[in-house]
Amino acid sequence: MKLNDYERKHADTVRHLAPECTVLLKKDGAFPLSAPGKIALYGAGARRTVKGGTGSGEVNSRYFVTIEEGLEKAGFTVTTKPWLDAWDETVAAARKAFADEIRARAKQKHTLAVMEGMGAVMPMPEYSFRLYGDGDTAIYVLSRISGEGSDRTPVKGDILLTESEIRDILLLNDRYARFMLVLNVGGPVDLSPVAAVKNILLLSQLGAETGHVLADLLLGKSCPSGRLTTTWAAWQDYSSIGDFGDQDETRYREGVYVGYRYFEAVGKQPLFPFGFGLGYTEFETELNGADENQVMVTVKNVGAYPGKETVQLYIAAPAGRLDQPPRKLVSFAKTRELAPGEQETLAVAYDLRDAASWDEAGAAFVLEPGDYTVLVGQTPAVTLRLSGLAVLQKLRSALGTPDFTDWKPEPCAAAACAEKVIELAADSFTTETVQYDQAAEVDPILDDLTNEELAYLNTGLFDPKGGMGSMIGNAASTVAGAAGETAHVHGFPWLVMADGPAGLRISRDYCVDEKGVHALGDTMPESILELLSPMQRKLMAFLTKPRKQPGEIKHQFCTAIPIGTAIAQSWNTALAEELGDLVGDEMERFGVHLWLAPALNVHRDIRCGRNFEYYSEDPLISGKFAAAITRGVQKHPGCGTTIKHFTVNNQEYNRIGSNSQVSQRAMREIYLKGFELCVKQSQPHALMTSYNLLNGVHTSERRDLLTDILRAEWGYRGIVMTDWVIDSVKQVQKPRHRNALSDRVAAAGGDLFMPGGKGDWKKILDALKNGTLSRRQLEENATRVYHMAKKLTQVRPD
Ligand code: BGC
């Protein structure tokens, strides 16, 4: 296979950047290896390496390098082929049994197997074949996959390790002089039974080049320099204070105590904490001064290998009327690659306002009086002593209220003061206020539109004459395999949208006839296809086949990049920007205007099936990485990101009809923070609301969220679309809460009801007729869509 020049270039970029996304969790100095040789390779991910998760985030890349291939290409001799063959047979049989079981369950429930099994995680099967293999080096690749539509579960073979995995990992650790456990996973697994293993590398899922990246790392051609962005603990140590996986109501009782904020507040030591990671080398860090804006840190490589170090700044805020977690991340910076003996001094800027708390009573962001100690990791660098209450922003109370009050930990001892103390007067902070209810712009060009046309501009593209409606994964008329398009109204430009976030999800192969583009083959993710019955498969093949002679078969080859969590594990926003740039290049090449990514929901619970797409349990990390990717994509004229899923979409189970109940404080400090940061730092061209409800109302129908918070408070200038609400798709039987409705979304200032259908369009027209929706509101929404479409298409005429 000969790659095109751009594909080669993009593959090289991924191979070059991805090592930074990997996290070395344990080491004994046996790695890196000095040369390739015989290697005993075991584990589910050795040959069946996972490049990323399933669902709408699955990228149809032309190729991808498995670990077995990567090692062989690098000159290793794999001595365990029979083991890998035996595993292939075991897993194929297990997959078949798993799909049969889903089909049977679906039949019983009178639902479609694809709905029942969407994203379902097949626990890894047990096995009993013998371990053997020449050489003194062994690798065991443990892998897991998850995806859209289902959550992970704490069972053996998913979050827990199987008996077979534990047995063999421990045995190999004893038997081989050099042994490494490699984790080809999208989120935490409970490593407590194998925590004694000498070398553990969180490789993650790195897209097309996964196998090459591991080979480079093993041979020391690159070095792991990632740090965890989510706490890795024994399963039973994670918080169980809030609900997870309830069909109708999900109470976020834990409030702001998410991830490390929880672990540190209750004094639990996880296996591998947030921010943790080793390298092949060692570093010494020295504090070189700090003030109220920055901390100077000198990092010296005192080991024998090159490497990069990350400096993490936290603030310990004083608990006053408002309780506080022991630390909150407020900034971070990464060194360049330092050779042994080399050093670099970093000036790490921070803003005390990032440690502010939401005071529900006064609807304001405040800093309560007391000592704010800035910590480099755990070491106090400077203490800012605030004399009185500083009110930073006075805002509107919004988003409703849950039916509980947030959990609070027992008060813990205040952090030790730094040697240097700076006195700050509360009145040195000004209080920001916001102009709400400002009139939105309406473009006079819309005056001439009929109500029908105007309503159509408020939805995605559908065929007004009926027909099949939108098909997930193939709803665009101009780019095969794109997820959607805005409506085509005569004389108005329209926008093409394609999924992500681990690259650009469009079809590899397609053809064009007088009716438009036709994807060939891969419109549906493999994980969904395998659930179809033979008849349904035939139908799919028929639907994706060109009616006449296909003529020329064309290609759109896109690069699979590392999953979101892996990108964030680099703690290097410049790296994220470069990957955004890569995706932007492919968008330009194939005519996509809006990438339906990045996804930045918070890792509230390790069970969420889509966490691999998201960045972190920390909102600062989430926001900064989403902003960096956006900057990379939006460097390309006519290309924009769509940040999603706004907001509190933290479980997959019944994501369409579940009501996330969350306090205003947790909303402001945890779940909105990343989106706010990203909007303010990068102005993404689009935003996608989530399917779920927030305190009783669908996020897409919340005017306070879309108009007051997003637009008025944060100054967002892009368009707002819904997630793909397809009326026929109901995930659970008899949910308590209905789906979001197009007329209510429009009334809330949501610009596009996606993917769009005749029923959604008619609903808007009915609401116009009966007066529950004004033409003016539709014009405001349509103006935003029109202006964005004009902006993105005029630089790149279609
Ligand atoms: C997913 C979105 C995706 C959309 C379009 C939805 O089911 O939740 O993340 O962008 O489909 O494919």
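**Strands and their partners**

Four strands make up an open sheet of mixed pairing, in the order β7-β26-β28-β29. The model is predicted: local features need pLDDT of at least 70, side-chain atom pairs count only at pLDDT 80 or more, and totals for chains, interfaces and linings use all residues. Residues are numbered from 1 along each chain as its sequence is written, and side-chain values use heavy atoms, with hydrogens and water left out.

Q: Why do β7 and β29 stand at the edges?
A: β7 (249-251) and β29 (697-698) each have a single partner strand, so one side of each lacks a neighbour in the sheet.

Q: What makes β26 and β28 a pair?
A: Two strands pair if DSSP finds at least two bridges between them. β26 (residues 659-661) and β28 (residues 693-694) have two bridges, in the parallel sense. S660 has L694 in β28 as its bridge partner.

Q: What is called a strand?
A: A strand is a DSSP run of E, at least two residues, numbered from the N terminus. β14 covers residues 364-367.

Q: Which strands pair with β14, and over how many bridges?
A: β13 (residues 357-359) pairs with β14 over three bridges, antiparallel. S357 stands opposite V366. β17 (residues 390-394) is joined to β14 by four bridges, also antiparallel. There, F365 faces Q393.

Q: What lies between the strands in the hairpin of β13 and β14?
A: Four residues; in this hairpin A363 takes a positive phi near 45°.

Q: Which way do the β14 side chains point, and are they buried or exposed?
A: A364 and V366 point one way, F365 and L367 the other. In a regular strand, side chains alternate between the two faces of the sheet. All four residues are buried (under 20% relative accessible area, 1.4 Å probe, protein chains only).

Notes. Buried < 20%, exposed > 50% of the residue type's maximum accessible area, 1.4 Å probe, protein only.
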